[in-house]
Amino acid sequence: MRAVEFQEYGGPEVLKVVETDLPEPGPGQVSIDVTYAGVNFADLKARAEGYRVASLPFRPGLEVSGRIRAVGAEVTGLRPGQEVAALTDGGAYAETVVAAASTVFPLPEGMSPRIAATLPTVLPTAHALVHEVGRLRAGETVLVQGAAGGIGTVVGQLAKAAGAGAVYGVVSAAAKAGYARAYGYDEVFVGPDFGAEVRRVTGGRGVDLALDPVGGDTFRRSMDTLAVFGRLVSFGNAGSAEPWQVGQPELYPKGRTVSGFSILGLAGTAPEALRALAERAFRTVAEGTVELPVTAEFPLAEAAEAHRLIGSRQSTGKLLLRVG
């Protein structure tokens, strides 16, 4: 079968198409013939920095849609030929991939594999940020970094559906602002100096919930925008900054809260919680509450071009690799 991997860290050019053996599922696993694979910023960090890479060569990719090829021992409720979406622990840039059965989700009736490939990482993450971790209440205000990305696109819609009083977004370029407004954002700010704008639009009060995938200075600036009793959820470190630390001086005076979320972390520690979360999140798409547009699609052999587009910071929505 064909797969895309890298044997050294570097730019998109290190991604190479290779021929390799078909993987076989072990106990508690299934193999999936891939139709589409999602492209995520975490894949770029793996390629460039070794994020979550145990050894080289390494095959990136965290999510797929496709059809089950085979099931391993001890797997129940899944069968060969079934159309599914799956969260993988790497390796999704391939014609066939193996995934833990606990992170394989049968497609809701009528859902296409193309749409399904956008869901495994983005939908549960966005749902958790708004509901399970962020605990947004009707009337509250939200600030979202990366508002035009995949997660940001879904969060804007979920927050509006939950009755948010106002949803504010931050994007890296002015060209992305109109896109974000089309998916639930009331105001969109460009660049790192969003703090003054947030204070302006909230009359100095600040926001009730801030969501940050960047870390570093952006994390600190997001925390500074919180209202009294405000909550910040960290869900990434796109800026590759030192891990954040927060203590009594930052939290006590205004009763602020900082928490975190990782879809891959949840998959490793609480797979049943992940499955329940994914079912709730997928339902929002099936019911029409949320849509996640595929804004670019590349053949598997052009994975490097998908990485270049995301790395340019010009992409919006979701990017896919077309495999099967």
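Modeller: Strand 11 (residues 207–212) and strand 12 run parallel, joined by five bridges. This is a predicted model: local features need pLDDT of at least 70, side-chain atom pairs count only at pLDDT 80 or more, and totals for chains, interfaces and linings use all residues. Residues are numbered from 1 along each chain as its sequence is written, and side-chain values use heavy atoms, without hydrogens and water.

Colleague: What makes strand 11 and strand 12 a pair?

Modeller: Two strands pair if DSSP finds at least two bridges between them. Here there are five. Leu-211 stands opposite Val-233 in strand 12. Strands are DSSP runs of E, at least two residues; helices are runs of H or I, at least four; both are numbered from the N terminus.

Colleague: Which strand does strand 12 join by four bridges?

Modeller: Strand 13 (residues 257–260), also parallel. Leu-232 faces Val-258 there.

Colleague: Why is strand 12 called largely enclosed?

Modeller: Buried means under 20% relative accessible area, exposed over 50%, partly exposed in between (1.4 Å probe, protein chains only). Seven of the nine residues of strand 12 (residues 226–234) are buried, so the rest of the structure largely encloses it.

Colleague: What do strand 11, helix 7 and strand 12 make together?

Modeller: A right-handed β-α-β unit, with helix 7 spanning residues 216–224. Right-handed means that, with the strands pointing away from the viewer, the path from the first strand over the helix to the second runs clockwise.

Colleague: How many aromatic pairs does a search of the whole structure find?

Modeller: Six. Rings of Phe, Tyr and Trp (its six-membered ring) pair if their centres lie within 6.5 Å; planes under 30 degrees apart count as stacked, over 60 as edge-to-face, the rest as tilted.

Colleague: Why is the pair of Phe-6 and Tyr-9 called tilted?

Modeller: The centres are 6.0 Å apart and the planes stand at 55°, so the pair is tilted. Phe-6 is buried at 0%. Tyr-9 is partly exposed at 38%.

Colleague: How do you know that Phe-219 and Trp-244 are stacked?

Modeller: Their planes are 15° apart, with 4.8 Å centre to centre. That pair links distant parts of the chain, 25 residues apart: Phe-219 in helix 7, Trp-244 in the loop between strand 12 and helix 8 (248–251). Phe-219 has 1% relative accessibility, so it counts as buried. Trp-244 has 35%, so it is partly exposed.

Colleague: What puts Lys-45 over the face of Tyr-51?

Modeller: A charge sits over a ring if NZ of Lys or CZ of Arg is within 6 Å of the ring centre and within 35 degrees of the ring normal. Lys-45 lies at 5.9 Å from the ring centre.
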